[in-house]
Amino acid sequence: VQLQASGGGLVQAGGSLRLSCTASGSIFRVRAMNWYRQCPGKQRELVAGIAAHGATTYLPSVQGRFSIEKVENSVSLQMNNLKPEDTGVYYCKLEMEGPRDYWGQGTLVTVSS
């Protein structure tokens, strides 16, 4: 199983970015697809997740600004009204029953003030 993430970049505060991640390979019994991030000097944290049945969860600080969407084996994260504290490396994660978990390679998001 491989996950390919894209969409990171440099944006000014208040701007938007859309991250995408597509999983390929032997994919079955997906439980959830998630986006994590690791901000400078901090531990990796869950930003947003979407379960197989569609339920979503968000980090409180991004609630109302970020939106996660899943279509088949792809997950996207629409990020609006970005803030400098959103700067970090964003990772997608695929969770399957087993459990079998897989991570994407990370994509850098930089928000300038």
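**View 1. Surroundings of Leu77.** Leaving out residues up to four places away in sequence, Leu77 touches Leu17, Arg18, Leu19, Trp35, Val47, Ala48, Phe66, Ser67, Ile68 and Tyr90, a contact being heavy atoms within 4.5 Å. The model is predicted: local features need pLDDT of at least 70, side-chain atom pairs count only at pLDDT 80 or more, and totals for chains, interfaces and linings use all residues. Residues are numbered from 1 along each chain as its sequence is written, and side-chain values use heavy atoms, with hydrogens and water left out.

**View 2. The largest nonpolar core.** This core has 29 residues, and those with the most contacts inside it are Trp35, Leu77, Met79 and Tyr90. At least two core residues come from each of β1 (2-6), β3 (17-24), β4 (30-38), β5 (45-51), β7 (66-71), β8 (74-79), β9 (88-96) and β11 (107-112). A nonpolar core is a set of buried Ala, Val, Leu, Ile, Met, Phe, Trp, Tyr and Cys residues joined through side-chain atoms within 4.5 Å. Buried means under 20% relative accessible area, exposed over 50%, and partly exposed in between (1.4 Å probe, protein chains only).

View 3. Gly98 and Pro99 are joined by a cis peptide bond, with omega about 0°. Pro99 sits in the loop between β9 and β10 (100-103).

**View 4. Arg29 in the loop between β3 and β4.** Arg29 lies in this loop and has a positive phi, near 50°, in a residue other than glycine. With 59% relative accessibility, Arg29 counts as exposed.

**View 5. Glu72 in the loop between β7 and β8.** Glu72 is found in this loop, and its phi is near 55°, again a positive value in a residue other than glycine. The relative accessible area of Glu72 is 68%, so this residue is exposed. Most residues other than glycine have a negative phi, and most peptide bonds are trans.

**View 6. The whole chain, for orientation.** The chain contains zero helices and 11 strands; helices (H or I, at least four residues) and strands (E, at least two) are DSSP runs, numbered from the N terminus. Its radius of gyration is 13 Å, close to the 13 Å that the globule rule gives for 113 residues, so the chain is as compact as a globular protein of that length. The radius is taken over C-alpha atoms, and the rule is 2.2 Å times the number of residues to the power 0.38. The C-alpha trace spans about 40 × 25 × 25 Å along its principal axes. Buried residues make up 42% of the 113 residues.
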